[in-house]
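Have it open while you read, and go through the points in order.

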Amino acid sequence: MTYISSSKVFAHLDRLAGWQRGEKPAPVTVEWDLSNRCVLGCQDCHFAHTHIKGPWASKLRVLPMAYESTGDLADIDLVQRVLPEMAKVGVKGIVWSGGGEPTTHPDLHHAAMAAYGVGLEQGMYTLGGTLNRGTAFLLSSLMTWIVVSLDCVDAETYAKEKGVPPERFDAACHAIRYLAEAKGAVIGVSFLLHGENYTGAWDMLALARELGATYTTFRPAIRVMPNRPNECIDDRKWIHQAPLMLEYLAREPDVEVDPARFAAYANWDGHGYTECHGPRLNTTITPDGRVWICPQRRGVTPIGDLRFQSFADIWSKHPGHYTVDEGCRVMCRLHGVNEQLAAIAAPRQHEAFL
C-alpha cells in the first residue's frame, strides 16, 4: 500500500526548487486543529498536554518546555476566511487533526464544506466514536480519506488503554462501519503497536477488515516525555522479536506498515540530520489561530497568528527550516520527509555526471 509514504515529497519537487531559488512556495499540506477537547485519555497521546476538556484535562501532566496554551475551539469564521486564502496561494490539502479530537467541534461540517467549496482536498484523523451515521456519510462525501485511531481489538483493552467506559469501543466500531458504508472517502483504521499488544496484530487486521476499512495501518507507539521528547522512555526490545510478523503484514494488499520505521525506532540514536526542512511542505494551525513551525512543536515555536495576519503574510516570513534541538521528538511527524529531503540535498561527487 502507498497511501502513507514519505516518498510523496518527490511529487512536489517544484516547491523544493522554489525554496532553492529563494522563493517561498505555499506548503502542500496544512494540519488544522479545530479543537483541543477530547473524549478519550489514550495512554500514547502525544498531545495530551493540549487538552482542555476530557479525561486528560483532569490529570497531572508534564508540559513541553516553553509550552503555551493553544486554545479551545477554533473560530469557524476565521476558518472560513482563511481556507480560500490557502487555496489561492497553492495549498493542496487540509488535515483536520489534533491537538484534540476534530469531531468535538460543533462546526466541523461547516469547515469541511468550506474547504471542499474552494477545492482543497481533505483528510481527517479521528477517534471515530463521536460520529453518527449521518455525520459519517456527510464527512465521507467531502473528504479524500479518514483514518480512525482504534488501537485495540476489544472493549476491555480499549477501556484500559484509553481510560473510558468499554462502550466507547463499540461506538468507534460503529463509526468505522458507517464510514465504510458511505463509500466515499478512503477509510483507514490505525493501530499503535507496543510491547503489550504487538502479538495481536493479526487480530487487529481481522477486525478492521470485518468493519469494512479500506486499509489498516500499523505504527510503533512512540513513547517519550513531553519535556524530554528527544529521549525514548520505553523498552523497545519487542521490536526485535517482531520483524517477520511486520514483513508478513507488509505483504498484505490492504495493510500500511513500514518495517523500517519500527527498526528505526528500536535503534533510535538521533535524527541523523541537523536542519529540519519538512516545515516547508507542511504546517500546523491550532484552535487559537496561531501557525506553528511543525506539528510536533504546537504551543512552542509559533511563526504567526491568523487572527491578525493573513496566511500569505505569515508564510512570507517563514524561516524555511528549523535547527534540530532537544525539543524535537523521537521519530517526529516529519522525520520521514526530512530523511528524503536530506538525501536530496546531500552533496555528491561529480554531480555533473549521471
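Where does A66 lie? Point 1 picks that up; keep in mind throughout that this is a predicted model.

1. **A66.** This residue sits in the loop between β1 and α2, the helix that covers 76-89. Its backbone deserves a look: A66 is not a glycine, yet its phi is positive, at about 65°. As for cover, A66 counts as exposed because its relative accessibility is 61%, and the cut-off for that label is over 50%.

2. **K183.** Here is another backbone to check. K183 has a phi near 55°, again a positive value in a residue other than glycine. You'll find K183 in the loop that runs between α6 (167-182) and β5 (186-193). With a relative accessibility of 74%, K183 counts as exposed.

3. **The G98-G99 peptide.** Click on the bond between G98 and G99: this peptide is cis, with omega at about 15°. G99 belongs to the loop between β2 and α3, and that helix takes in residues 108-117.

4. **Overall build.** Stepping back, the protein chain has 12 helices and 12 strands. Its C-alpha trace spans about 55 × 50 × 40 Å along the principal axes.

5. What share of the residues is buried? Of the 354 in the protein chain, 52% count as buried.

6. **Contacts along the sequence.** Take the contacts in the protein chain with a separation of 6 or more: 73% of them are between residues 24 or more positions apart.

7. **Charges.** By count, the protein chain carries 34 positive side chains and 40 negative ones. The centres of these two sets lie 3 Å apart.

8. **Aromatic pairs.** The structure holds 8 aromatic pairs. One of them is formed by W32 and W96, with 6.2 Å centre to centre and 40° between the planes, which makes the pair tilted. This pair links distant parts of the chain: W32 is in strand β1 (residues 29-33) and W96 is in strand β2 (residues 93-97), 64 residues apart. Are these two tryptophans, W32 and W96, buried or exposed? Both are buried.

9. **An aromatic cluster.** Y198, W238 and F262 form one aromatic cluster. Hold on to F262, as this residue is also on the contact list of R219.

10. **R219.** You'll find R219 in strand β6 (residues 215-220). Its contacts, leaving aside neighbours within four places in sequence, are with S190, F191, L192, L193, R261 and F262. Among these partners, S190, F191, L192 and L193 fall in the range of β5 (186-193). With 33% relative accessibility, R219 counts as partly exposed.

Methods
Residues numbered from 1 in each chain as written. Predicted model: local features only at pLDDT ≥ 70, side-chain atom pairs only at ≥ 80, totals over all residues. Heavy atoms only, no water. Helix = DSSP H or I, 4+ residues; strand = E, 2+ residues; numbered from the N terminus. Buried < 20%, exposed > 50% of the residue type's maximum accessible area, 1.4 Å probe, protein only. Contact = heavy atoms within 4.5 Å. Lys, Arg positive; Asp, Glu negative; His and termini not counted. Charge placed at Lys NZ, Arg CZ, Asp CG, Glu CD. Phe/Tyr/Trp six-rings, centres within 6.5 Å; stacked < 30°, edge-to-face > 60°.
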